[in-house]
Amino acid sequence: MKIKKKTIYIITSLIIVLSLVLSACSQQKNQASKNKETSIRIGTKDFTENLIVGELYALALEDAGYQVERVPNITGSVIHSSIVNQDIDMYPEYTGTGLLAILKLDLLTDPDEVYATVKEEYKKKFNLTWLEYSKANDGAGLVIRAEASEKLGIKTITDLQKHATELRFASQGEVDQRADGIPALEKVYGKLNWKSSKVYDNSLKYEVLKNNEADVAPAYTTEGQLVNKDQYILLEDDKQVWPPYNLAPVIRDEVLSAHPDIAEVINKISSALDTDTITALNAKVDVEQEEYEDVAKAFYESIQ
Amino acid sequence: MQESLWMQLVNYFSDHGRAFFALGREHIQVSLLALLCSAWIGITLGYLTITYKRSEKWIVSLIQILRIVPSLAVLLLLIPLMGTGTKPALIALILLGVPPILMNTITGLNHIPLSVLESAQGAGMSDRQMMWKIKFPLAAPLILTGIKTAAIEIIASATLAAKIGAGGFGEIIFTGLGLNRMDLLLIGGGAVAILAIFIGVLLDISERILFRYQFLQR
């Protein structure tokens, strides 16, 4: 009996302490939502490049005198709904993603046209504004081992198609089936009859190419490893099949009309970014293992 | 929905039928080779642990520890050493297959009735003769059960081999996951399941033929 009383006592006191802690937490949350009016919440998707660019936006806004709240690592598939639900105020998006994944429109290949389309549709449908887009394009691509490229003289996908029978392809499964993957290429360039095609985990493709176990692999055009130009060469999509994925900030109209000078501050960042620059920044994080905050900071200071 | 899924399945086989069977061949090749190797290693190790009693503790615990490491981790850990492709996949699958075979071999050899051993010794058999003529044949059904467990585990896990370019039905499954395509997941998963069941039944039948006495009416 005595023991039982003791346990009850302990449990009750635990509950009291817990509820105190919880209420303290929620109070803090209330505080945060009070500050909302004055601070800009910058969301980012959960991969290196987006994290770096989000951090650049944050640094620029802080320099311009804004309070910034960072909301990093939002899964790609939910970030759009979180800006629509006003959980964040802006985030770096890709024009191609907006066009194909969010608006589900037909494939376009001209960067300006894609940008104009998403800008107009986002304004109408979601009250979101696309600020100016940067030249940095994180689209689909094919990477080839430098040795093979030299030996067979392959610089473009047209060249690749001619030599496909001599090349081993390291697929990751999806690209062979996706409408905007290899099938889209084959429609324009002609059939790609690989010498062999094997599936590898996406994270292994550079290892596989380095070990000479395959010659060609699908890639994204700004992957950090691509800075090793004497090892990996990104093939030119010479007939422009793949849609452009230009980086651009998406911001809520409300926030932008309250603080119109944000546009100028952020556009300055966008104009400093192009594919090579962003690839180099990605490489610092993914290849040299630096922290993305440090990389963003160093780059921000260099463009000041 | 049902019908369209059915149509998707039919379309898949008409478009990719050849690829499907090529993947099946790879899956079976890797699995069978791994199974043979792990049976050989498992039975040999089992024999050694029984012959050299002192080694039993550490061999068994070592194997049990190896069993805990997930196959996917083993696969990726092996890549810096062996590159990608079939070789690391084989090693990972062998590591997966050895423990059940080894454990069953040890149990089988350890649990032969003393009276049987006594009469064998009485008949003047040497240790060696006892091992081959009495112990192994009597332990064989249990060893075969171990092989069956290993076979099913290996076939199921060979799916992961697709992560490192060793082919197999895993390619279909991972593509299906990436694209969120029900038809591919069903085809890949179903093929692996059917293969595992098929091998299981095959081993069951061979058990009935090899050890017919077990199925005598008592």
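What volume does the second largest pocket have?

Reply: It comes to about 930 Å³. Before going further: this is a predicted model, where local features need pLDDT of at least 70 and side-chain atom pairs count only at pLDDT 80 or more, while totals for chains, interfaces and linings use all residues. Residues are numbered from 1 along each chain as its sequence is written, chains are lettered from A and ligands numbered from 1 in the order written, and side-chain values use heavy atoms, without hydrogens or water.

A pocket here is an open set of points on a 1 Å grid over the protein atoms alone where a 1.4 Å probe fits, with protein on both sides within 12 Å along at least five of seven lines; lining residues have an atom within 4 Å of a point. Points are joined across faces, edges and corners, and the volume is the space filled by probe spheres set on them.

Of the 28 residues lining the second largest pocket, Asp176(A), Gln177(A), Ser197(A), His16(B) and Ala19(B) sit closest to its centre. Two or more lining residues come from each of α8, α9 (182–189) and β7 (196–199) of chain A, and from α1 (2–51) and α7 of chain B. Helices are DSSP runs of H or I with at least four residues, strands runs of E with at least two, numbered from the N terminus. The largest share, eight residues, is α1(B)'s. By type, the lining has twelve nonpolar, seven polar and nine charged residues (Asp, Glu, Lys and Arg are charged; Ala, Val, Leu, Ile, Met, Phe, Trp, Tyr, Cys and Pro nonpolar; the others, Gly among them, polar).

The largest pocket holds about 1,400 Å³. It is lined by 48 residues, with Thr97(A), Glu174(A), Arg178(A), Tyr220(A) and Tyr245(A) closest to the centre. There α4(A) gives the largest share, five residues.

Now for the packing. Beyond four places in sequence, Ile172(B) is in contact (heavy atoms within 4.5 Å) with Tyr12(B), Phe20(B), Leu23(B), Leu184(B), Ile187(B) and Gly188(B).
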